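Take a look at the structure below.

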Amino acid sequence: MTKQVIVSGMRPTGKLHLGHYLGVIQNWVELQHKYDSYFFVADWHALTTKYDKTDELKQDVLEVAMDWLASGIDPEIATIYVQSHIPEIAELNIYLGMATPQNWVERDPTLKDMAKILRTKEGQNSQISYGLMGYPVLMSADIMMMNADAVPVGNDQVAHIEITRDIARRFNNIYNTEFFKEPKPLLNKCSLICGLDGNKMGKSFHNDIKISDTAEDTAKKIMTAITDRSRMRKTDLGHPDECEVAFKYWQIFGSEQELETIRPECEKGERGCADCKRQLGCKINERLKEIRERRSYYETHPDEVKDILSQGDKKARARASEIISQVRDIVRMY
Ligand code: TRP
């Protein structure tokens, strides 16, 4: 039996953090063995909000690719490529755009959030571009370009995938075909990791730990993590369940056994928050050690990374060009 196809992408926002790793990439690393997998850097999607800030775009594409490779995406198994190197996606975007009612994109909740963030960042006068309105259609083109069965993403992307399913169904109806599959979101079980301040982890909130941070930086950052705010001294009785960040991280990175010792020690006032975070820093660094070693390798061998991407581009284009010629037939283009 041929394997089912999955497609997923990430915008090149620069070096990725643990939220990306635990929330999405780790899932890809597992799924790549089971599915025919296509992972791409969504550089066109980066333009939807940063078309006027492209100085670092090229480097950011490489950073994302290096983080994926370091995390264990295997280019021998999965196809990794750059969105803008697949012109067929832009063509499919045109056909899908014609078939998508305007109010479908207008009510996309994720897009509404993005527009809100953009307005607060850039001021009330910032314009929502035509390109940004097309975000969910372009994303549908990414997914349908490979006629994917499923899309492994974080929770925040599910609304987009719903639109993709609607667009696929509508296209099939209009052209009286069953060509496109209705791709399903594939969520992973991992709990979301919060930032060092207890809010959502994000680059722009300066509360993140990057995959590529050094062990020293990581240890320093962990010391700033919020703990149980009611606790002043080491001997005060602790409340692990009210510890806003550190204990949550322990639940992600620690073993059952470790949690079984940490919890009572904290509750009895036998474990100070500073010591606790020092240990936690070591724990996280241990987990990331191999990934960071691989990353340093790729940082010193950028040509290898570029090579992997261009081979991925070729493989992705081979599938895309087959699909686009069928789509042209279905739409009855000249
Ligand atoms: N919107 C996704 C994000 O912000 C990136 C993305 C673009 C994507 N196209 C996609 C994800 C297609 C999955 C499938 O992370």
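**Where the domains meet**

In this predicted model, 10 residues of domain 1 are in contact with 8 residues of domain 2. Contact means heavy atoms within 4.5 Å. Domain 1 covers 5-193 + 301-331, and domain 2 covers 213-294. These bounds come from an automatic or database domain assignment. The centres of the two domains, taken over C-alpha atoms, are 35 Å apart.

Local features here need pLDDT of at least 70, side-chain atom pairs count only at pLDDT 80 or more, and totals for chains, interfaces and linings use all residues of the predicted model. Residues are numbered from 1 along each chain as its sequence is written, and side-chain values use heavy atoms, with hydrogens and water left out.

The size of an interface is often given as the accessible area lost when the parts come together. Between domain 1 and domain 2, about 720 Å² is buried (accessible area, 1.4 Å probe, that two parts lose on being put together, summed over both). Carbon and sulfur atoms give 71% of this area. On the side of domain 1, Leu18, Ala70 and Ile193 supply 54% of the area buried against domain 2, more than any other three residues.

What polar links join the domains? There is 1 residue pair in polar contact between domain 1 and domain 2, both at pLDDT 80 or more. A polar contact is a pair of N or O atoms within 3.5 Å; within protein, one must be able to donate a hydrogen and the other to accept it, and residues adjacent in sequence count only if both atoms are side-chain atoms. Salt bridges between the two domains number 0 (a side-chain nitrogen of Lys or Arg within 4 Å of a carboxyl oxygen of Asp or Glu).

**The ligand site**

There are 13 residues around the ligand, each with a heavy atom within 4 Å of it. Gly9, Arg11, Tyr135, Asp142 and Gln157 come nearest.

**Salt bridges**

The structure holds 21 salt bridges. One of them pairs Arg263 with Asp241, with the closest N and O atoms 3.1 Å apart.
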